[in-house]
Amino acid sequence: MKTTGDQFLVKKINKSIVLDTIREHSPISRAAVSKMTGLNKGTVSSLVQELIDNGLILEIGMGKSSGGRKPVMLLFHETAGYAIGVELGVTRVRTILTNLNGEMIEEDQLPLPTTDSERVIEVLFAAIQAMIERAPSSRYGVVGIGIGVPGIVDEKGQILFAPNLAWEHVDLHTLVSERFKLPVTIDNEANAGAVGELQYGAGRSAANIVYVSVSEGIGTGIMIGGELFRGAAGLSGEMGHMTIEANGRKCRCGNKGCWELYASSSAHPDYDFKTLLRMATEGEADGIRGFYDIGEYLGIGISTIINTFNPELIIIGNQISRAERYITSAIQQTVAARSLSYHRKQTTIRFAQLETRSTLLGAAYYAISGFFSKDRATLV
């Protein structure tokens with residue numbers, strides 16, 4: 001009898017379920033996988049053998065007996081391949097290498113001497129190539145590259161507009177894909193940060209999250225029901241460019257009074273972030289006051305987020321997390337004064353558990369999830 005398309009699809013789905021169960025709960029026995037998934041033991045044994053043959057599952061010996069024969073335990077083979085996560089910033093390119101569980105193996109960064117797109121892409125290529133060369137030998141090698149960028153990205157991975165880089169219509173996906181011949185995912189850095197915190201950080205127990213990425217600019221990643229909210233054209237989240245000062249300073253985006261002009265790590269008119277942080281750490285009044293002002297403006301924008309989205313969790317991340325101790329009270333006081341009480345009562349505000357690596361790990365997760373969605377890895 002010929003295998004029908006429906007039968008093949010069911011097998012693919014079941015195989016994915018088995019692998020996900022082993023990834024999440026390993027070491028685990030076949031019997032436990034059967035119980036958790038509801039699949040019969042024969043189906044589980046067959047699918048597990050295929051995953052072993054694919055190099056994604058390992059048998060690691062006997063587990064404890066619950067009264068009968070000791071079970072053979074299964075372990076997800078997290079080093080069967082590796083993923084690269086990239087954060088393209090305004091002043092530097094950061095890269096990490098992770099295993100297939102999203103655990104960081106290597107980390108590096110290269111400075112950007114300019115925002116000229118051709119020169120930045122040269123540095124980006126060098127950073128990715130260096131990380132590829134640092135990947136240990138494995139069955140699947142580097143399975144993909146995820147990149148978070150500070151700007152508006154369409155569904156094809158083209159950067160439509162990145163005001164802090166002064167880029168428009170840069171087809172970064174095509175450039176990186178053609179250079180490395182690997183699967184590439186490109187997204188806004190705040191979206192990637194939201195995914196990173198949801199998968200590996202402070203957002204693991206929440207479904208409705210707004211991740212606020214604060215570095216040279218501000219971006220937001222909005223998670224509703226555990227899924228990214230992308231908007232009608234996939235371009236949502238540019239809350240750094242909402243107006244908070246009607247007659248404020250001119251922004252690179254063309255607007256006036258944008259939130260990121262007053263609440264980002266580059267918001268202080270006299271000191272850069274590194275200098276301001278040193279001053280605050282040393283107890284200088286100007287440094288402490290500077291961060292308090294930034295915290296107040298962050299609180300104004302966060303109040304709008306609370307009133308608009310009523311999220312259960314707001315996560316503040318990226319570079320500004322290094323100044324947590326100096327901005328927390330200003331944020332809390334401003335949010336208490338400006339947000340609606342019923343909305344505020346249901347919202348928790350936290351700093352990113354992954355600190356400055358939320359985007360990097362979220363970008364790596366894009367590469368990992370892309371690998372596991374491909375037929376060649378798990379579903380054949």
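Guide: A term is needed at the outset: a residue is called buried when its relative accessible area is under 20%. The model itself is predicted.

Visitor: By that cut-off, is F291 buried or exposed?

Guide: The cut-off for a buried residue is a relative accessible area under 20%. F291 has a relative accessibility of 0%, so F291 counts as buried.

Visitor: How are the rings of F291 and Y326 arranged?

Guide: The whole structure holds 8 aromatic pairs. In the pair of F291 and Y326, the ring centres are 5.9 Å apart and the planes meet at 15°. Planes under 30 degrees apart count as stacked. The angle for F291 and Y326 therefore makes the pair stacked.

Visitor: How many residues apart in sequence are the parts that this pair ties together?

Guide: Y326, at 12% relative accessibility, counts as buried. F291 belongs to helix 9 (residues 285-309), whereas Y326 belongs to helix 10 (residues 324-338). The pair therefore ties together parts separated in sequence by 35 residues.

Visitor: Why is one side of strand 1 and of strand 2 left without a neighbour in the sheet?

Guide: The open sheet is formed by 3 strands in the order 1-3-2, with antiparallel pairing. Strand 1 (28-29) and strand 2 (57-62) stand at its edges, so one side of each lacks a neighbour because each has a single partner strand.

Visitor: Which residue in strand 3 is the bridge partner of I57?

Guide: Strand 2 pairs with strand 3 (residues 72-76) in the antiparallel sense, over 4 bridges. Ring pairs also link one residue of this bridge, F76, with Y140, F371 and F372 into a cluster. The bridge partner of I57 in strand 3 is F76.

Visitor: Which helix is included in what covers the buried residues of helix 4?

Guide: The buried residues of helix 4 include V120, L124, F125 and M131. Their cover includes strand 4 (82-88), strand 5 (92-99), strand 6 (104-111), strand 7 (142-149) and strand 10 (167-170). The helix included in that cover is helix 5 (172-180).

Visitor: Which backbone oxygen lies 2.7 Å from a polar atom of the side chain of S264?

Guide: S264 is in the loop between helix 7 (260-263) and helix 8 (273-281), and its relative accessibility of 0% makes it count as buried. A polar atom of the S264 side chain lies 3.3 Å from the backbone oxygen of E216. The distance of 2.7 Å belongs to the backbone oxygen of E260.

Visitor: How far apart in space are V149 and E189, C-alpha to C-alpha?

Guide: V149 lies in strand 7, and strand 7 pairs with strand 11 in the parallel sense over 5 bridges. V149 is buried, with a relative accessible area of 1%, and its contacts beyond four places in sequence include I186, D187, N188 and E189. Although V149 and E189 are 40 residues apart in sequence, their C-alpha atoms are separated in space by 4.8 Å.

Terms used
Residues are numbered from 1 along each chain as its sequence is written. This is a predicted model: local features need pLDDT of at least 70, side-chain atom pairs count only at pLDDT 80 or more; totals for chains, interfaces and linings use all residues. Side-chain values use heavy atoms; hydrogens and water are left out. Two strands pair if DSSP finds at least two bridges between them. Helices (H or I, at least four residues) and strands (E, at least two) are DSSP runs, numbered from the N terminus. Rings of Phe, Tyr and Trp (its six-membered ring) pair if their centres lie within 6.5 Å; planes under 30 degrees apart count as stacked, over 60 as edge-to-face and the rest as tilted. Buried means under 20% relative accessible area, exposed over 50%, partly exposed in between (1.4 Å probe, protein chains only). Contact means heavy atoms within 4.5 Å. A polar contact is a pair of N or O atoms within 3.5 Å; within protein, one must be able to donate a hydrogen and the other to accept it, and residues adjacent in sequence count only if both atoms are side-chain atoms.
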